[in-house]
Amino acid sequence: APTAAAIDLSKGACLPGLIDAHDHLTSDPSQSGYEGLGTSVPRQAIMGVKNARTTLRAGVTTVRNVGAEGFSDIALRDGINAGDIQGPRLLVSGPSLGITGGHCDNALLAPEFKHSAEGVADGPWALRAKVRNNIKYGADLIKICATGGVLSKGDSVGGPQLTEEEIRAIVEEAHQHGRKVAAHAHGTE
């Protein structure tokens, strides 16, 4: 599979492979907010192909991709591993997990659309099921939104969102399946 070895190092000095521990390769910052509502999951996967190649060419040979809609990051990882596309070694999470109305739940649509992001659940057992679902479809790790964030609507940036009981359930379930958990956490609490 084309990984770091696919880079032509004959053109000069080389830098050891870099590791990016927090990325969103299947997204584009110019397509956030309301603009992002018109971006399909297949289009996100295509953006991921471009971003993965660019990232590899910049010398990053390993990326932890934390949060992607529609398992587009898993498709990207599998395409790289199969040698179909160029990109760094990927560790991927699939959809981020969070609470209804929280940082991982897109709150830009009006209530009549009744939309919830695919990683949204409330309560320990519902969140365990989300962990199992992400693992079922190929996640290497689990990403949670423990607090609010700057890009979400209607939540407090640093305010806790998952309860301690919910976080414990997610971590226990992930660890039972040999997965680690990464947390979005802007707050100190």
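**Note on the predicted model: sheet, helices and two loop residues**

1. Lys114 is found in the loop that runs between S3 and helix H3 (124-136). Helices (H or I, at least four residues) and strands (E, at least two) are DSSP runs, numbered from the N terminus. The model is a predicted one, in which local features need pLDDT of at least 70, side-chain atom pairs count only at pLDDT 80 or more, and totals for chains, interfaces and linings use all residues. Residues are numbered from 1 along each chain as its sequence is written, and side-chain values use heavy atoms, with hydrogens and water left out.

2. Lys114 is not a glycine, yet its phi is positive, at about 50°. Most residues other than glycine have a negative phi. With a relative accessible area of 73%, Lys114 is exposed; the cut-offs are under 20% for buried, over 50% for exposed and partly exposed in between (1.4 Å probe, protein chains only).

3. Phe71, placed in the loop between S2 and H2, also has a positive phi, near 60°. Phe71 counts as buried, at 17% relative accessibility.

4. Three strands form an open sheet in the order S1-S2-S3, with parallel pairing; two strands pair if DSSP finds at least two bridges between them. Strand S1 (18-23) and strand S3 (89-92) are the edge strands, each with a single partner, so one side of each has no neighbour in the sheet. From one strand to the next, the twist averages 15°.

5. Strand S2 (residues 60-65) pairs with S3 over four bridges in the parallel sense, and Val63 has Leu90 in S3 as its bridge partner. Helix H2 (residues 72-81) packs on the sheet, where it touches S2 and S3, and its direction makes about 155° with that of S3. Contact means heavy atoms within 4.5 Å. Axes are lines fitted to C-alpha atoms, for helices over the stretch in contact, and angles run from 0 to 180 degrees between N-to-C directions.

6. Arg77 belongs to helix H2 and is buried, with a relative accessible area of 10%. Leaving aside neighbours within four places in sequence, Arg77 is in contact with Leu90, Val92, Gly138 and Asp140.

7. The axes of helix H1 (residues 41-57) and H2 come within 9 Å and cross at roughly 45°. H1 and H2 are therefore oblique to each other; angles under 35 degrees count as roughly parallel, over 145 as roughly antiparallel, 65 to 115 as roughly perpendicular and the rest as oblique. In this contact, H1 contributes Val41, Gln44, Ala45, Gly48, Val49 and Ala52, and H2 contributes Ser72, Leu76 and Ile80.
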